[in-house]
Amino acid sequence: MLQEVVILAGGFGTRLQTVVNNVPKPMAPINGKPFLDYLLKYVSYYGIKKVVLSVGYLSEKIIAHYGSNYNGLEIAYAIEKEPLGTGGGIKKALEQCTSSEVLVLNGDSFFDINLRSFYNAHSDALSDCSLTLRHLSNAARYGTITLDEFDLIEDFKEKNGEDKAGIINAGVYIVNRQTYNEETPKHKNFSIEKDFFEKKINKLKIHGFTYNGYFIDIGIPEDYKKAQHDFETFKY
């Protein structure tokens, strides 16, 4: 089972600046608690032992708040001196991991799925990397994904603003640490979405598994406000 998670917590939160501008986006308060608290409780519930936070912008605020332990979770930090992008941030954080398979989360979104089921699907498929997917009735804000009959990702389509249904990348991944390190550049700013997923779909076994759990991205003010209500009954 999964033991380690990398959480991307280094973004600037540009779209959220009008409502939260003095803390990094994952620290944005939801009912008086940092959003990151909810993610940590979630992964702890599923038996994760170690969290590596990939941090950059206002990283000192995250480090001062969490230190090296949160409710029994070991907390480590991969500090970006300069922006490394999602892909580079993950690669730097993986230097502090020892597991062969590592969970990756975005620090500004929450997708309520059963992580044990996701890990089992990843393992059974002998996947090099797996993505969680979510069907939305209106996927205009997002790029969409097509799958073959074996849940292998066939194509990533750019977002085009069309108000129609689609399957989106929900931002929860399992990566094989060795494969990811071998297939990505060192000490470089790159995007896991553009420079790994999209470029490697014909070389590696990259699967997508669709779930219908609760999903929210607090990166825009409307959904940040919605989270204040939704998380009043957070079950973890």
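A residue is called buried when its relative accessible area is under 20%, exposed when that area is over 50%, and partly exposed in between (1.4 Å probe, protein chains only). The structure is a predicted model, in which local features need pLDDT of at least 70 and side-chain atom pairs count only at pLDDT 80 or more, while totals for chains, interfaces and linings use all residues. Residues are numbered from 1 along each chain as its sequence is written, and side-chain values use heavy atoms, with hydrogens and water left out.

Salt bridges were assigned where a side-chain nitrogen of Lys or Arg lies within 4 Å of a carboxyl oxygen of Asp or Glu. By this rule, eleven salt bridges were found. In one of them, Lys-25 pairs with Asp-108, with the closest N and O atoms 2.7 Å apart. This pair joins distant parts of the chain, 83 residues apart: Lys-25 is in the loop between β1 (4-8) and β2 (29-30), and Asp-108 is in the loop between β7 and β8. Helices (H or I, at least four residues) and strands (E, at least two) are DSSP runs, numbered from the N terminus. Asp-108 counts as buried because its relative accessibility is 16%. Lys-25 also counts as buried, at 12% relative accessibility.

A second salt bridge is formed by the side chains of Glu-158 and Lys-194, at 2.1 Å from N to O. This pair likewise links distant parts of the chain, with Glu-158 in the loop between β11 (153-157) and β12 and Lys-194 in helix α6 (residues 192-200), 36 residues apart. Glu-158 is exposed, with a relative accessible area of 55%, whereas Lys-194 is partly exposed, with a value of 34%. Lys-194 also forms a salt bridge with Glu-198, where the closest N and O atoms are 3.4 Å apart. Both of these residues lie in helix α6, four residues apart, or about one turn of the helix. Glu-198 counts as partly exposed because its relative accessibility is 30%. Elsewhere, a network of salt bridges links Arg-141, Asp-217 and Asp-223.

On a 1 Å grid over the protein atoms alone, a cavity is a set of points where a 1.4 Å probe fits but cannot get out; a pocket is an open set with protein on both sides within 12 Å along at least five of seven lines, and lining residues have an atom within 4 Å of a point. Grid points are joined across faces, edges and corners, and a volume is the space filled by probe spheres set on the points. Two cavities of 30 Å³ or more were found in a search of the whole structure. The largest cavity has a volume of about 50 Å³. Its lining consists of Leu-39, Tyr-42, Leu-105, Asn-106, Ser-109, Phe-110, Phe-111, Gly-171 and Val-172. At least two lining residues come from each of α1 (35-45), β7 (101-106), β8 (109-111) and β12 (166-176), and the largest share, three residues, comes from β8. The lining has six nonpolar residues, three polar and no charged, where Ala, Val, Leu, Ile, Met, Phe, Trp, Tyr, Cys and Pro count as nonpolar, Asp, Glu, Lys and Arg as charged, and the others, Gly among them, as polar.

Helix α1 is mostly covered, with eight of its eleven residues buried; among them are Leu-39 and Tyr-42. Just after α1, Gly-47 takes a positive phi of about 90 degrees. Strand β12 is also mostly covered, with nine of its eleven residues buried. Two strands are taken to pair if DSSP finds at least two bridges between them. β12 pairs with β7 in the antiparallel sense over five bridges, and Val-172 in β12 stands opposite Leu-105. β12 also pairs with strand β9 (residues 129-136) in the antiparallel sense, over seven bridges, with Ile-174 in β12 opposite Ser-130.
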